Amino acid sequence: MHQRSNDGVIATGNAQVRNTVVASGSNARVDFRVTEEEAERTGSRPLTPQEISDLLARFVEELRRSDHPEREDLAEFAEDAREELAAPEPRTGKLRRVAKALVEAVPGFAALASLAVTIEEAVRGL
């Protein structure tokens, strides 16, 4: 069995890994883009609460366009996280639980999964 790793992500069989996006299946493909503006803006520094909130807003937009069966509940959950980020002292434990739950809720939805992983990594940096 062929295996490749990417920062803890292991792909086997007909899977492809690009950055934080994984595709699997017989016709697996990955399309991952980071705009120069995003790359320059964040570099290797941790994201600010406002930048994480912006990611969550994008996540909600993508989620609402998706056919995810729990999209409204997940969108509400993500909006709650945005409110927590706006608090004077955001509760990072709560944010970590939300971020992990979003990652676990969106397998098979590549665009959402990519954003969820980015959010989870950013929250860990708080």
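Is Arg45 buried, partly exposed or exposed? Arg45 has a relative accessible area of 36%, so this residue counts as partly exposed. Please keep in mind that everything here comes from a predicted model.

**The overall fold**

The protein has four strands and five helices. Starting at the N terminus, their order is β-β-β-β-α-α-α-α-α. There are 126 residues, of which 33% count as buried. Taking contacts between residues at least 6 apart in sequence, 43% of them join residues at least 24 apart.

**Charged pairs**

Side chains of opposite charge can pair when their charged atoms come close. In this structure there are eight salt bridges. Three of them are set out below.

| Salt bridge | N to O distance |
|---|---|
| Arg45 and Glu51 | 2.8 Å |
| Arg64 and Glu72 | 3.5 Å |
| Glu84 and Lys94 | 3.8 Å |

How does the setting of each partner look? Glu51, the partner of Arg45, is buried, with a relative accessible area of 9%, whereas Arg45 is partly exposed at 36%. In the pair of Arg64 and Glu72, Arg64 is partly exposed, with a relative accessibility of 42%. Glu72 is partly exposed too, and its relative accessible area is 44%.

Which helices hold the partners Glu84 and Lys94? Glu84 sits in helix H3, which covers residues 71-86, and Lys94 sits in helix H4, which covers residues 92-105. The pair therefore ties together parts that are 10 residues apart in sequence. Glu84 is buried, with a relative accessible area of 8%, while Lys94 is partly exposed at 29%. This pair also belongs to a network: salt bridges with shared partners join Glu84, Arg91 and Lys94.

**The cavity among the helices**

Rolling a probe the size of a water molecule over the atoms shows where empty space is left. Here the count comes to one cavity of 30 Å³ or more, and the largest cavity has a volume of about 30 Å³.

Which residues line the largest cavity? The lining is made up of Ile52, Leu56, Ala81, Leu85, Leu95, Val98, Ala99, Ile119 and Val123. By class, nine of the lining residues are nonpolar, with no polar and no charged residues. At least two lining residues come from each of helix H2 (49-65), H3, H4 and helix H5 (110-124). H4 gives the most, with three residues.

**A serine in helix H2**

Ser53 is part of helix H2. Is Ser53 buried or exposed? Its relative accessibility is 8%, so Ser53 counts as buried. The side chain of Ser53 makes a polar contact of 2.9 Å with the side chain of Arg82. Apart from its neighbours within four places in sequence, Ser53 is in contact with Arg82 and Leu85. Leu85 is also one of the residues that line the largest cavity.

**Looking back**

To follow these features in the 3D view, you could begin with the salt bridge between Arg45 and Glu51. Next comes the network of Glu84, Arg91 and Lys94.

Methods: Residues are numbered from 1 along each chain as its sequence is written. This is a predicted model: local features need pLDDT of at least 70, side-chain atom pairs count only at pLDDT 80 or more; totals for chains, interfaces and linings use all residues. Side-chain values use heavy atoms; hydrogens and water are left out. A salt bridge is a side-chain nitrogen of Lys or Arg within 4 Å of a carboxyl oxygen of Asp or Glu. Buried means under 20% relative accessible area, exposed over 50%, partly exposed in between (1.4 Å probe, protein chains only). On a 1 Å grid over the protein atoms alone, a cavity is a set of points where a 1.4 Å probe fits but cannot get out, and a pocket is an open set with protein on both sides within 12 Å along at least five of seven lines; lining residues have an atom within 4 Å of a point. Grid points are joined across faces, edges and corners, and a volume is the space filled by probe spheres set on the points. Ala, Val, Leu, Ile, Met, Phe, Trp, Tyr, Cys and Pro count as nonpolar, Asp, Glu, Lys and Arg as charged, and the others, Gly among them, as polar. A polar contact is a pair of N or O atoms within 3.5 Å; within protein, one must be able to donate a hydrogen and the other to accept it, and residues adjacent in sequence count only if both atoms are side-chain atoms. Contact means heavy atoms within 4.5 Å.
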